[in-house]
Amino acid sequence: MNMGYLELYQTGELARRTADFKKLLEPCRLCPRKCGASRISGERGECGAGRNAEISDYGPHFGEEPPLVGKGGSGTIFFAFCSLRCVFCQNFETSRGKYKYTVNTGKLAEIMLELQRIGCVNINLVTPTHYIPQILDALLVACERGLNLPLVYNCSGYERLEVLRKLDQIVDIYLPDIKYADEKIALKYSRISDYPQVAKDALKEMHRQVGELVLDEKGVALKGLLIRHLVMPGGVAGTADLMKFIAQEVSPNSWINIMKQYYPTYLAHRYPEIDRRITRKEFLEALEAARKASSDFHLL
């Protein structure tokens, strides 16, 4: 299967879209916050990101969902900062920019190519939203030098529709979270009240672009949408409502990872109701809610 971004590269469309994305850096309008920071001039946005791409780490990752791992691992690049402020963030050292270093266009392209050379089955961009222009600049260089792996857009689900539409045919696999069903809960735990509706609209657009997950003969994902949902203590995430939404408005055949690895970290200790791990009963109830929403879900 030819990667969509390669076709866009060959026609010159990828370069044109990269130029369009750069216009969104100043004032910054890449994420739904639209904070307006003059990032090209050196300001940092509300997320923390500045002019240049910054990452905390990269390498083959074997802890992702099986369709994303294969034998060689997922070629993961962890980008610093995030547009959300989740009080329970399990990667807060990266999302808050504690661990980071700057990568220029050439270095980021070389990282992509290195991950391909060592046998990774995709390029997995973790929290890429605020660095899309810089990533696409590097992708242009990597395409010229032979990159041909599926591109994974691994995000929080908090995405602008206008931005997602510009990514059509560039991204092969969307890997979004769907965190909350309730605005008050989203504001309390992630500091953003419009998350539920923004994420729902984003998931529908992602599915429109890439459809159901497509696997090769080895069970490795080539294209499609894979949704993540983290089960939280006390059902505060609204799992049942989110599963109904996915079944009714995205696809009853969706691939979903119902995740049970919540643990209280970062600032979660300030919120007694989520200052604990989930119980086995809570996880089983979440699975049952997904099965009840659609018997055709592919649950991971």
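Reader: How do the residues lining the largest cavity divide into nonpolar, polar and charged?
Author: This is a predicted model, and its largest cavity holds about 100 Å³ of space. Of the 13 residues that line the cavity, Cys28, Cys31, Cys35, Cys47 and His130 are the closest to its centre. By class, the lining has five nonpolar, three polar and five charged residues.

Reader: Which helix gives the largest share of the lining of the second largest cavity?
Author: The second largest cavity has a volume of about 60 Å³. Its lining includes Ile132, Ile135, Leu136, Leu151 and Tyr153. H6 and S5 each supply at least two residues of this lining. The largest share is three residues, and the helix they come from is H6.

Reader: Which residues lie nearest the centre of the largest pocket?
Author: The largest pocket has a volume of about 930 Å³. It is lined by 33 residues, and those nearest its centre are Gln90, Asn91, Val126, Asp177 and Arg228.

Reader: Which element gives the largest share of the lining of the largest pocket?
Author: By class, this lining has 13 nonpolar, 13 polar and seven charged residues. The elements that give two or more residues to it are S1 (54–61), S2 (74–79), H4 (92–95), S5, S8 and S9 (255–259). The largest share is three residues, and they come from S2.

Reader: Which helix gives the most to the lining of the second largest pocket?
Author: The second largest pocket has a volume of about 220 Å³. Of the 14 residues that line it, Arg51, Asn52, Thr105, Gln134 and Asp137 are the closest to its centre. Helix H5 (105–117) and helix H6 (132–144) each supply at least two residues of the lining. The helix that gives the most, with three residues, is H6.

Reader: Which element gives the largest share of the largest nonpolar core?
Author: The largest nonpolar core has 95 residues, of which Ile77, Phe88, Met112, Leu139 and Ile274 touch the most other members. Its largest share is eight residues, and these come from H6.

Reader: Which residues does methionine 112 touch, leaving out those up to four places away in sequence?
Author: Met112 is one of the residues that touch the most other members of the largest nonpolar core. With residues up to four places away in sequence not counted, methionine 112 touches Ile77, Ile123, Ile135, Ala138, Leu139, Ala142 and Leu147.

Reader: Is H9 mostly covered or mostly uncovered, and how many of its residues are buried?
Author: Helix H9 runs over residues 195–210 and has 16 residues. What covers its buried residues includes strand S5, helix H7 (161–166), strand S6 (173–176), helix H8 (183–190), strand S8 and helix H10 (239–250). Among the buried residues are Tyr195, Val198, Leu203, Met206 and Val210. H9 is mostly covered, and the number of its 16 residues that are buried is 12.

Reader: What is the span of H9 from its first C-alpha to its last?
Author: For H9, 22 Å is expected at 1.5 Å a residue. The helix comes close to this, with a span from first C-alpha to last of 22 Å.

Technical notes:
Residues are numbered from 1 along each chain as its sequence is written. This is a predicted model: local features need pLDDT of at least 70, side-chain atom pairs count only at pLDDT 80 or more; totals for chains, interfaces and linings use all residues. Side-chain values use heavy atoms; hydrogens and water are left out. Helices (H or I, at least four residues) and strands (E, at least two) are DSSP runs, numbered from the N terminus. The expected span of a helix is 1.5 Å times one less than its number of residues. Buried means under 20% relative accessible area, exposed over 50%, partly exposed in between (1.4 Å probe, protein chains only). Contact means heavy atoms within 4.5 Å. On a 1 Å grid over the protein atoms alone, a cavity is a set of points where a 1.4 Å probe fits but cannot get out, and a pocket is an open set with protein on both sides within 12 Å along at least five of seven lines; lining residues have an atom within 4 Å of a point. Grid points are joined across faces, edges and corners, and a volume is the space filled by probe spheres set on the points. Ala, Val, Leu, Ile, Met, Phe, Trp, Tyr, Cys and Pro count as nonpolar, Asp, Glu, Lys and Arg as charged, and the others, Gly among them, as polar. A nonpolar core is a set of buried Ala, Val, Leu, Ile, Met, Phe, Trp, Tyr and Cys residues joined through side-chain atoms within 4.5 Å.
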